[in-house]
Amino acid sequence: MDTAEREKQFQEKIDSGLKVEAKEWMPENYRKQLMRMISQHAHSEIVGMLPEGNWITRAPSLRRKAVLLAKVQDEAGHGLYLYSAAETLGIDRKTMIDQLLSGKAKYSSIFNYPTISWADMGAIGWLVDGAAIVNQTMLARGSYGPYSRAMVRICKEESFHNRQGYEIIYQLAKGTPEQKEMAQDALNRWWWPSIQMLGPSDAQSKNSDETMRWRIKVESNDTVRQRFIDRTVPQAEAAGLTIPDPDLKYNEETEHWEIGEIEWTEFYRVIKGHGPCNRKRLKARQDAEREGQWVREAAAAYAGKQRARAVKAA
Amino acid sequence: MTEKPENDQGQLWEVFIQAKPGIAHKHAGSVHAHDAEMALASARDVYTRRREGTSIWVVPSNMIAATTEQDADSFFDPADDKAYRHPTFYTVPEGVKYL
């Protein structure tokens, strides 16, 4: 069978709603697109632990601290599910980690913003994880089995992240005037990055056509973004907070919230490495890799010794 | 005895979790580990943070043999023409019960 015929059959399989599994034939670009998306997603989970890790020792109560620890641990788990999903495509985890550390691989640019107040822990759970859930629920319907199954598992866990974040924001918003101001300030800083996090607008997205044809993504960036906006605006209202967008308005006819112009220049500036924390985040991962080296070596040496002992005993 | 640096992620293990006593273990995902003990501890932390399991199996991924997509049709076709293996293949007279 020639490649064109195989690709045709592959497309028919995708169109009929069947999932693609690891060992099955797939077009080279399908594999490449997935490797790019899944590894970026995995790196985002891992780098995403850093802005929140910043507040673990300073959480305002034991309850908040336990919750934050559990949440950050979940992000590590999500990173690991995703690295294994990517590995099914034939790339090794070590290679992906090296690509992150060398700056070759990307991660979600939202994690290049600093977490300067406790309210940011609320804003991240509410907005960043809120946006992530909308995106990941869509990806869970995607065509690649291992990725879509990882998404299902992650979405279940994300809903706790989302709620605990909203709880923090809501309680601050209903607290003293100073606390409310903290919550509003966090919303002001995280709103637009969360909107941008769902990717370039459909007209600008260079990968969208192919990823949608192959049902790696089943909805466009703008569709997912609109869903996030429609869900989130009423949540801000319920907390008595104001979305930082003077042009925001409800369209009675379409029943959607319409936002003002998105500042894409800022988005691309941060992606290209010029956000407030890009260098800091990468350095933290490089340090962790170096400082963990002896642990990996010790584990390998111990396992080797155990194996040698077993051989001798046999 | 130190393994080479390219092995410093350990080998890949497939993780199977039994959600409740009495039911089958089901594939949950995979972990990297240097030995079975580490694979079990890692599988617990990665896949059962919310009491998802009562038992875990870990199996080195390279020990799993699997059928391939290309051979699936011919491999499974012996079952294609044996509808008589299903109870619905048989006609039961009207009014006869418990069959």
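Modeller: Start with α2 (residues 28-47) of chain A, a helix of 20 residues. From its first C-alpha to its last, α2(A) reaches 28 Å, close to the 28 Å expected at 1.5 Å a residue. A helix here is a DSSP run of H or I with at least four residues, a strand is a run of E with at least two, and both are numbered from the N terminus. The expected span is 1.5 Å times one less than the number of residues.

Keep in mind that this is a predicted model: local features need pLDDT of at least 70, side-chain atom pairs count only at pLDDT 80 or more, and totals for chains, interfaces and linings use all residues. Residues are numbered from 1 along each chain as its sequence is written, chains are lettered from A and ligands numbered from 1 in the order in which they are written, and side-chain values use heavy atoms, without hydrogens or water.

Back to α2(A). Of its 20 residues, 15 are buried, so the rest of the structure largely encloses α2(A). Buried means under 20% relative accessible area, exposed means over 50%, and partly exposed lies in between (1.4 Å probe, protein chains only).

Now take α6 (residues 119-139) of chain A. Its 21 residues should span 30 Å at 1.5 Å a residue, and its end C-alpha atoms are 29 Å apart, which agrees. Yet α6(A) bends by about 30° at Asp129(A). That bend is the angle between axes fitted to the seven residues ending there and the seven starting there. In α6(A), 19 of the 21 residues are buried, so α6(A) too is largely enclosed by the rest of the structure.

What about empty space? Rolling a probe the size of a water molecule over the atoms shows where such space is left. A cavity is a set of points, on a 1 Å grid over the protein atoms alone, where a 1.4 Å probe fits but cannot get out; lining residues have an atom within 4 Å of a point. Points are joined across faces, edges and corners, and the volume is the space filled by probe spheres set on them.

The count is one cavity of 30 Å³ or more. The largest cavity has a volume of about 30 Å³. Its lining is Ser109(A), Ile110(A), Tyr113(A), Pro193(A), Gln196(A), Glu266(A), Phe267(A) and Val270(A). In chain A, α8 (177-196) and α11 (264-274) each give two or more residues to that lining. The most come from α11(A), with three. By type, the lining has five nonpolar residues, two polar and one charged. Nonpolar covers Ala, Val, Leu, Ile, Met, Phe, Trp, Tyr, Cys and Pro; charged covers Asp, Glu, Lys and Arg; the others, Gly among them, are polar.

Conventions: On a 1 Å grid over the protein atoms alone, a cavity is a set of points where a 1.4 Å probe fits but cannot get out, and a pocket is an open set with protein on both sides within 12 Å along at least five of seven lines; lining residues have an atom within 4 Å of a point.
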